[in-house]
Each structure stands twice: as structure tokens, then as C-alpha cells.
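Visitor: I am new to this kind of thing. Please show me the structure and take me through it slowly.

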Amino acid sequence: MAAVATGILGSTCYFRFNIGNLNLNGKKKKSTDLILQDRSLAARKQYHTSVFAQCFSPCGKFLAAANNHGSIAIFSLTTALSPDSTEALWKPVYSFKASEEGAIFCLASSDIFLISGGNGPICAWKWSDILNKSPKVIWSWAIPKKGPFYQTEVNTIVIDKQETQCRLYAGCGDNNVYVWDLETGEQLVTLSGHDNYIHSVSLKNKGQMCATASEDGTVKLWDMRHPSAAEHTLEPYKNQLCARPEFGRWLGCVAMETGDDWLVCGGGPKMSLWHLRSLEATTVFDTPAVCQKTVMFYEDTIISAGGEPYVNHWYVNGDQKSRIPCTPTNVFSVVVNTALNSHKVLCTAGNRPKIDVCTNFGYKAFSLTFS
């Protein structure tokens with residue numbers, strides 16, 4: 001600059017003007033690079049998104065979904081199901097970071113709260129705050145730690161609402177199921193007896209009976225009036241019809257039929273139906289080379305899914321009613337909206353950012369995108 005300053009004034013000014021442009025262009029290039037990096041990071045993050053959990057709002061008009069990045073997205077079913085809806089509307093109406101400690105593995109809904117569990121404490125938000133796009137944690141419950149460097153994940157949560165009490169059951173990675181009074185926050189019971197972490201919890205008989213499925217390969221049946229020890233233990237991996245040693249003994253899902261004495265479970269062993277009075281397996285479902293990770297009774301059928309891009313609908317005698325293709329190749333969650341008949345849908349989520357929506361349960365109508 002000093003050498004140029006001794007020359008012609010016009011040349012000096014011209015030189016300074018160009019330096020300004022170079023600085024400005026450099027800033028623009030840096031800004032553009034940052035934008036491209038952010039877009040690339042967002043694209044990679046979405047590509048590696050898995051949706052672990054879903055649940056519906058109390059009114060039945062919204063679907064909440066949680067992913068492996070600790071985020072919760074809210075979808076409007078009213079908008080998505082409208083006759084003039086397009087793919088541009090199949091996205092969250094709102095999303096927020098719900099956990100700074102990692103993935104969210106489970107969701108549950110009460111009349112007031114959306115409740116989440118995963119890496120970190122169990123947290124509750126008011127639905128009214130979420131729908132106003134101003135969520136804040138109303139309360140949180142931490143799972144007891146076994147040591148300063150040990151963090152217990154919450155794999156499943158179930159709400160049991162009765163006339164006199166509302167309870168929350170949490171199946172955890174420390175092999176226990178914890179039960180809280182949802183209104184007072186008091187921890188009521190700890191169900192201990194499994195030798196490995198809990199994958200799934202199911203309730204029936206107005207909360208008097210609880211079934212827990214574990215990585216240890218057992219389903220334990222608990223009388224919640226006397227919960228100090230499990231009443232019975234089912235071991236499908238020891239049953240010749242169910243056992244598949246090549247896939248292990250773990251059980252990823254369990255469900256009990258509310259009206260009759262039936263229980264269904266699956267995982268490493270083949271999915272099987274058990275009679276709760278005789279404690280015998282009466283039906284084994286044909287799921288060759290596929291481990292079931294989610295199961296539910298629905299009307300006169302059983303709906304299950306797992307390590308393949310299909311949702312299975314079964315009759316209780318083992319016959320397959322239908323096999324519906326879905327977007328995820330590994331399914332973690334299947335839910336049915338029973339809160340509002342006009343919005344009755346079946347939603348399927350797994351190792352993709354897409355959540356399939358079935359309006360008549362026989363085929364995929366469209367897919368929501370967790371973005």
C-alpha cells in the first residue's frame with residue numbers, strides 16, 4: 001500500500017477499491033461455504049435419522065414422533081388427511097430439541113402431558129404448551145444411578161389410567177421397571193427380577209397385571225397387588241417351536257389382550273401366542289429370519305413388525321391376514337389412533353425419517369417426513 005500511495009492518486013484509489021471488493025467477496029465466499037456445510041450436515045443428519053417412538057395427542061388430531069437425535073416432531077393429522085393435502089404439508093408443524101443427552105426411545109401421552117424417555121431423565125411437557133410452540137419441561141424424573149459414570153436408559157413407558165390413580169411404568173436398562181404415581185410424582189414400586197434390560201411392558205385387568213419382556217429372554221408376569229416378585233416366568237427360547245438360537249434369546253416386544261387370557265411376545269425366538277392360565281404357547285407365527293420388535297392386539301387381529309420392510313396383520317390362529325410394505329427396513333414403532341374416528345390411522349416408523357400413514361390399514365396412503 002505504501003508504494004502505491006506514492007504514485008498517481010487515481011491508481012491508489014482504484015487499488016483500495018479493489019481491496020474492498022476482495023474482502024467483501026471473501027466474506028461472501030466464507031458465508032456461502034458455511035451455508036453449504038450446514039446444508040450438508042443437515043442432509044447427513046436426516047439420512048441417518050431413525051424414529052424410535054410415536055404417540056397421538058389426547059384429541060387425536062396430532063402425532064408426536066421422537067428420533068435418535070433427541071428431537072420431537074409434531075404432525076397435524078387434520079392437515080395431512082385433508083383432501084387437498086400435498087407432500088409439502090406432510091412435515092412437522094413444530095419440532096423441538098427434547099433431550100441433550102441422546103436418543104428418545106419412547107413416548108406416552110396422558111390427558112395433559114406428552115412424556116418422553118430415553119438417554120437421560122423422563123420428561124413431561126404440557127400438550128397445550130407444545131401446540132402453542134412454547135414447550136418447557138414441567139417435571140422430570142431421573143432413574144436411580146448405579147454409579148457416577150452409569151446412565152440408565154429408559155426403553156419403554158406405559159401409562160395406566162384408573163379411576164382413583166394414574167401410574168407411569170418405565171422399563172429401563174438397569175433391568176428394572178419403575179412405577180410412579182403420575183399425579184404426585186411418588187415412586188411407588190420397583191419391579192426387580194430380570195437379568196438384563198427391559199424392552200417392553202404391557203398391562204391388563206385395570207393395571208392389576210403387568211407383563212415385562214427383557215433382553216434376558218423371559219417374560220415375567222406380575223400381580224401388581226403383590227409386586228415384590230414375579231408370579232410367573234415365560235421362557236420362549238426354551239420352547240422347541242419358538243427357539244431360534246441363531247437370533248438369540250432376547251424378547252423385544254410383549255402385549256396382552258385386554259379382554260381374554262392371551263399374551264403375545266417376540267424377538268430372537270419366533271413370535272408366539274401364550275395362554276395366560278395354562279402358561280403354554282398355543283400359536284407360533286411364521287416369521288422366518290425376521291425378529292419382531294413391536295406387537296399389539298387390535299380388534300380381532302395381532303399387528304407386528306420388526307427387521308423387514310413390512311407390517312404384519314395376523315389372526316390369532318397364526319394365519320396371516322395381510323403383509324403391508326412400508327418405508328423403514330427396520331420397524332421400531334407401530335401405533336393406531338383410536339382417539340378420533342375421523343383420524344383413525346395406523347402409523348409405522350423405524351430406521352428412516354419417513355413415517356408411513358395407512359388410512360385403511362391395507363396400504364400406505366402417504367408418508368410424513370421427520371425434518
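Guide: A term to begin with: helices (H or I, at least four residues) and strands (E, at least two) are DSSP runs, numbered from the N terminus. This is a predicted model, in which local features need pLDDT of at least 70 and side-chain atom pairs count only at pLDDT 80 or more, while totals for chains, interfaces and linings use all residues. Residues are numbered from 1 along each chain as its sequence is written, and side-chain values use heavy atoms, with hydrogens and water left out.

Visitor: OK. Where is T218?

Guide: T218 is in the loop between strand 14 (209-214) and strand 15 (219-223).

Visitor: Is T218 buried or exposed?

Guide: Buried means under 20% relative accessible area, exposed over 50%, and partly exposed in between (1.4 Å probe, protein chains only). T218 has a relative accessible area of 7%, so it is buried.

Visitor: Which side chain has a polar contact of 2.8 Å with T218?

Guide: That of D216. The side chain of H194 also makes a polar contact with T218, at 3.2 Å. A polar contact is a pair of N or O atoms within 3.5 Å; within protein, one must be able to donate a hydrogen and the other to accept it, and residues adjacent in sequence count only if both atoms are side-chain atoms.

Visitor: And what else is T218 in contact with?

Guide: Contact means heavy atoms within 4.5 Å. Leaving aside neighbours within four places in sequence, the contacts of T218 include T233, L234, Y237 and L251. A charge counts as sitting over a ring if NZ of Lys or CZ of Arg is within 6 Å of the ring centre and within 35 degrees of the ring normal.

Visitor: Which ring does the charged end of R323 sit over?

Guide: The ring of Y310, 3.7 Å from its centre.

Visitor: New topic. How many residues of strand 10 are buried?

Guide: In strand 10 (residues 166-172), 7 of the 7 residues are buried, so the strand is largely enclosed by the rest of the structure. Both faces are covered, with C166, L168, A170 and C172 on one side and R167, Y169 and G171 on the other.

Visitor: What does strand 10 pair with?

Guide: Two strands pair if DSSP finds at least two bridges between them. Strand 9 (residues 154-161) is joined to strand 10 by 7 bridges, and the two run antiparallel. Within that pairing, I157 stands opposite A170. Strand 11 (residues 177-181) is antiparallel to strand 10 as well, with 5 bridges, and there Y169 stands opposite V179.

Visitor: What sits between strand 10 and strand 11?

Guide: The two form a hairpin with 4 residues between them, and N175 in the turn has a positive phi of about 80°. Strand 9 and strand 10 also form a hairpin, with 4 residues between them.

Visitor: Are F285 and W314 buried or exposed?

Guide: Both are buried.

Visitor: Which aromatic cluster includes W139 and W141?

Guide: The cluster formed by F113, W139, W141, Y178 and W180. W139 is buried, with a relative accessible area of 16%, and W141 is buried at 11%.

Key: Rings of Phe, Tyr and Trp (its six-membered ring) pair if their centres lie within 6.5 Å; planes under 30 degrees apart count as stacked, over 60 as edge-to-face and the rest as tilted.
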